[in-house]
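Student: I have a model open and want to go through some of its contacts and pairings. Can we start with the strands?

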Amino acid sequence: MFQKVAIIGGGAAAATLVSELLERRTPRPLHLDWYAGGPEAGRGIAYGTPSQRHLLNVRAASMGMFVSRPGGFLEYAQSLDPSVKGSDFLPRRLYGDFLRSRVEKALANAHTFGHDVNVVPFTADSLVPSREGITIGYGENDENHADAAVLAIGSLPPRPLPGVHDAAIASGRYITDPWPYLAAAEPDTRPLRVLVIGLGLTAVDVLLELSERWPNARFTALSRHGKLPEPHLAAVSAPSENGDELVESLRDDPNVRVWLHKLRDAVAHADDWRTVIDGMRPYTQSLWGDLPEAERARFLRHARWAWERARHRMPPQVTASVVALEKAERLVRRRGRMRSVALSPEGHLDVVRAMPGGNTVTDAFDVVVQTVGLNTDTQRTEHRLVRQLVVDHLVKPDPLGLGFAAQADGHLLDAEGKPRANLFAIGSLLRGALWESTAIPEIRKQAQSVANMLVASK
Ligand SMILES: Cc1cc2nc3c(=O)[nH]c(=O)nc-3n(C[C@H](O)[C@H](O)[C@H](O)COP(=O)(O)OP(=O)(O)OC[C@H]3O[C@@H](n4cnc5c(N)ncnc54)[C@H](O)[C@@H]3O)c2cc1C
């Protein structure tokens, strides 16, 4: 087993792994250094929002922190409010409270099995293989050693889209990272013109939050297809019974065009298309593993958008709020692509967009918020630790920009493509190996499996 382990990250994934490890009796006691990046570790980006309007997009019954207790979150929520049901979509803030309470309990009870934890309120900024295993650099030239390290750092900080002028960014009106902006946005009664680029669940969160704080603002949402995420049904629907059959037939021919054809066919014969998508979830990672790289690239070009829209759905209450914004004529959706964003001499942002036919249109906005999905491109990032690992050839980027090259069990690959025995990742940066690697049901499985590998006797 690895006795001294560095766990790096301040979100749900790191909190789950720390708790998984501390609640185990191991052959020898563990020493964990948890580089949490700051206080209040465990909430991360998704569950750090203070807004009651930001809801989980997974039902309460499926949001338990541990594989062994998938109903753990529901029990927690019901202990606070007995009327909560397993099918409810609860506030993400409540989920953050749950994560904090679980991890605090695990830290307080660490001594039960003789474990020892050091929560380091800094980011880990470098990892260097050493005689002891791995040397971790943090703070102002401080160093620690560990036998093994696990990166649980979520996705990478977003980068501005091509075409956005430096002056637009410097003006503070072009927002590359919506989360710190939402946390700080003050109430404003001016008739602001706001553009949101992208139309996924993050765009929806931005629209709901800013439309409340800015009651006279009008919103435009721009995306390639101009479509909102699909809605969840109010009631739980059982996954399709023919799921296994469909998956076997997909495995027979790992070709994205054939897969789309078969999926459309299955959807046409289903009572509700969601049952087909949900029936595939247990197999998505292994199906992705069957796809050759060229087919994965084809999926990203042609099917990613439709998959994300169907997979990451809006809770019914959220759908109702967005529809109400449209009805009140405070939100319009546009199809097209942003070509450029420039700061005008008058101080607003001139946005040029290409429409589906190719013509371009220029509109003026007071604020533009970029919400274009997770950034997992490890080759081009400002993230200090990831950049160091890539530049020093200690890890290999995924060839399609989906995080790190890795084994499906979380071992990162070195520059030659060999698994590193003592360096693991969990979460979004394993998308290249697993595709589905972001939500809690996947993360808790990864945390369990990496914990097993860390404490296995050698
Ligand atoms: C808006 C939003 C809503 C979501 N809603 C749901 C949902 O309802 N249900 C669901 O299952 N999933 C949801 N997800 C998916 C979500 O990503 C996961 O559930 C989970 O939050 C991922 O946790 P994480 O720890 O991997 O990443 P993060 O939450 O991103 O946490 C990673 C943390 O590590 C820190 N970090 C980065 N680098 C370092 C470093 N070098 N040293 C130390 N710390 C570092 C980061 O600052 C960050 O705080 C949502 C995601 C988003 C963005």
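Tutor: Strand E7 (residues 148-151) and strand E17 (residues 419-425) run parallel and are joined by three bridges. Two strands count as paired if DSSP finds at least two bridges between them. Strands (E, at least two residues) and helices (H or I, at least four) are DSSP runs, numbered from the N terminus.

Student: Before going on, what are the ground rules for this model?

Tutor: The model is predicted, so local features need pLDDT of at least 70 and side-chain atom pairs count only at pLDDT 80 or more, while totals for chains, interfaces and linings use all residues. Residues are numbered from 1 along each chain as its sequence is written, and side-chain values use heavy atoms, with hydrogens and water left out.

Student: OK. Which residue in E17 is the bridge partner of valine 150?

Tutor: Phenylalanine 424. Histidine 411 also stands opposite phenylalanine 424. Strand E16 (residues 411-413) runs antiparallel to E17, with two bridges between them.

Student: What happens at glycine 417 in the hairpin of E16 and E17?

Tutor: Glycine 417 takes a positive phi near 90 degrees, in a hairpin with five residues between the strands.

Student: And in what order do the strands of the open sheet come?

Tutor: The order is E4-E5-E6, three strands with antiparallel pairing. Strand E4 (124-130) and strand E6 (142-146) are the edges; each has a single partner strand, so one side of each has no neighbour in the sheet. From one strand to the next the twist averages 25 degrees, taking axes as lines fitted to C-alpha atoms (for helices over the stretch in contact) and angles from 0 to 180 degrees between N-to-C directions.

Student: How many bridges between E5 and E6?

Tutor: Five, with strand E5 covering residues 133-138. Isoleucine 136 has asparagine 144 in E6 as its bridge partner.

Student: Switching to charges. How many salt bridges?

Tutor: The count comes to 28 salt bridges, where a salt bridge is a side-chain nitrogen of Lys or Arg within 4 Å of a carboxyl oxygen of Asp or Glu. One of them links arginine 190 and aspartate 188, at 2.6 Å from N to O.

Student: Is aspartate 188 buried or exposed?

Tutor: Aspartate 188 is buried, at 16% relative accessibility. Buried means under 20% relative accessible area, exposed over 50%, and partly exposed in between (1.4 Å probe, protein chains only).

Student: Where do glutamate 295 and arginine 298 lie?

Tutor: Both are in helix H11 (residues 293-302), three residues apart, about one turn of the helix. Glutamate 295 is buried at 11% relative accessibility, whereas arginine 298 is partly exposed at 25%.

Student: Now helix H7. Which residues are buried there?

Tutor: In H7 (residues 243-252) they are Gly243, Leu246, Val247 and Leu250. These residues are on the same side of H7, because they cover an arc of only 95 degrees around the axis; the arc is that of the directions from the helix axis to the C-beta atoms. Exposed Glu245 and Asp252 are on the face turned away from that side.

Student: What covers the buried residues of H7?

Tutor: The cover includes helix H8 (256-268), helix H9 (273-280) and helix H10 (284-290).

Student: Last one: what is histidine 54 in contact with?

Tutor: Leaving aside neighbours within four places in sequence, histidine 54 has contacts (heavy atoms within 4.5 Å) with residues including Trp179, Asp205 and Glu209. Histidine 54 is buried, at 1% relative accessibility.
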